[in-house]
Each structure stands twice: as C-alpha cells, then as structure tokens.
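Here's a quick walk through a protein model. Have a look at the fold first, then we'll go into a few local details.

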Amino acid sequence: PRSTLDRSSAASDVYKRQDYVYNLNLTISESQIRKCVERLARLIQADYKGEPLLVVGALNGSFVFLADLIRHLHLPIQVDFIKVSSYDAALKSSGDVRLHHGVRTPVAQKNILVVEDIVDTGFTADFIRKYFENEGAASVRICTLLDKPSRRLTSVTAEYVGFEVPDQFLVGYGLDYNQQYRELRAIYSLEGVVDSGGRVTEEI
C-alpha cells in the first residue's frame, strides 16, 4: 500500500535565502514521512527475511531517506552509493542517463535494494536496475520515497513506494532546487521563485 497525502495538514511557508523569497507549500509533513519510512522498512524486512542486502542510494537526493530507512532495518546490510543524472540545466529529463560513478562494493550474486528519492520519468531508475542486472546481481528492487507516475516515460516500476505525488516540483528531506532545501525536515512544493518585489523570476 502507498501512503495517502493528508491535504488537511498543508500549510504555506515563506523561506528567505539571500536576495530572494521562496514560496513553499507543505505537501508531506515530518510525521507522515516518519510513519512512511517505518512502513517501508517493515515491508522490506518481511520480504528479505534476514537475508544479506546491499542498499544502494541514488545520489544526491536519497541520502536523507536512506539514512532513516536503514536504521529501521534489522537485516545484515551493506551500504553504497551510485550517482547518475538525466536532467539538463532546464530541470527537464533528457532521457540520456549518465553514470558519474558506480558502486565500489562487489554486487555479483547479491540482493540489491536501490533507494531513490523520487521516480518520475523512470529513466534513471530503469538505467540503475539494468546496471546492477548487468553486474550480475541476484535480485534488484527499487524503493522510492516518492512516485510520480503521471510523468512516467518508461515501463519501470518500484517495488516499494512511499507516496504517490502529483506533477509538482518538490523540495526538502533530501530533494533540492539548485542544491538548496535538502535540509528541510518535511517535503514542500515549490510553486515559483519571486524576488523581494513580488515579481516571479522563474516558474518551476
């Protein structure tokens, strides 16, 4: 089962950075995230039943989610990271996925759990799954905090999904906009970037 967003808890916030004022709308609260992480950990634990697991975080956005998730897993685990990209300067997925660095841990005959912050077009998740399959992994499953199926351009699916979200630009809890907002404890939608005079300078 996937978590349902509690719209009644939504709130608006104004976040000041340097010369700009950013409008953020609360989408998923800290308590909702905590309950979701616990639920996903229980599902993963039940599926692997004490088997060794290599947990691989897709950088950069997954690191907060991964850190919380593994602390709820009572399994013999290893942790590594992979970094790929498919987004251009306009924040649009090009479909051309590039591998910046792979894992250093041997993966042959191991169960791999890929941890993603968000799956939208699916290009990155599909690339990572095939990467580990080609490396000889025994199994590859994907755990994503957020799923945005309305933007899917591939047939890839995640075995473990935290929240299904609409087509909004989201930040917080590891997700960023221009490397900002990763430290926020909740997840917010970023509807626009305005200057101090109230003029919209960029629409997301």
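## Overall layout

Read from the N terminus, the order of elements is β-β-α-β-α-β-β-β-α-β-β-β-β-β.

A word on the ground rules: this is a predicted model, where local features need pLDDT of at least 70, side-chain atom pairs count only at pLDDT 80 or more, and totals for chains, interfaces and linings use all residues. Residues are numbered from 1 along each chain as its sequence is written, and side-chain values use heavy atoms, with hydrogens and water left out.

## Burial and contacts

Of the 204 residues in the protein, 48% are buried; that means under 20% relative accessible area, with exposed being over 50% and partly exposed in between (1.4 Å probe, protein chains only). The accessible surface is about 10400 Å², and carbon and sulfur atoms account for 48% of that surface. These areas come from the Shrake-Rupley method with a 1.4 Å probe, and for residues only the protein chains shown count as cover.

Now for contacts, meaning heavy atoms within 4.5 Å. Take those between residues at least 6 apart in sequence: 65% of them join residues at least 24 apart.

## How H1 meets H2

Helix H1 (residues 30-48) and helix H2 (residues 63-70) have axes that come within 9 Å and cross at roughly 60°. The axes are lines fitted to C-alpha atoms, for helices over the stretch in contact, and angles run from 0 to 180 degrees between N-to-C directions. That makes H1 and H2 oblique to each other, the label left over once under 35 degrees is roughly parallel, over 145 roughly antiparallel and 65 to 115 roughly perpendicular.

On the H1 side, Val-37, Leu-40, Ala-41 and Ile-44 do the touching, and they meet Phe-65, Asp-68 and Leu-69 in H2. By class, this contact has six nonpolar, no polar and one charged residues. Ala, Val, Leu, Ile, Met, Phe, Trp, Tyr, Cys and Pro count as nonpolar, Asp, Glu, Lys and Arg as charged, and the others, Gly among them, as polar.

Which peptide bond is cis? The one from Leu-59 to Asn-60, with omega near 5°. Asn-60 sits in the loop between strand S3 (53-59) and H2.

Lys-49, in the loop between H1 and S3, isn't a glycine but has a positive phi of about 45°. With 67% relative accessibility, Lys-49 counts as exposed. Gln-109 is another non-glycine with a positive phi, about 65°, and lies in the loop between strand S5 (93-101) and strand S6 (111-119). Gln-109 counts as exposed at 67% relative accessibility.

Note on methods: Helices (H or I, at least four residues) and strands (E, at least two) are DSSP runs, numbered from the N terminus.
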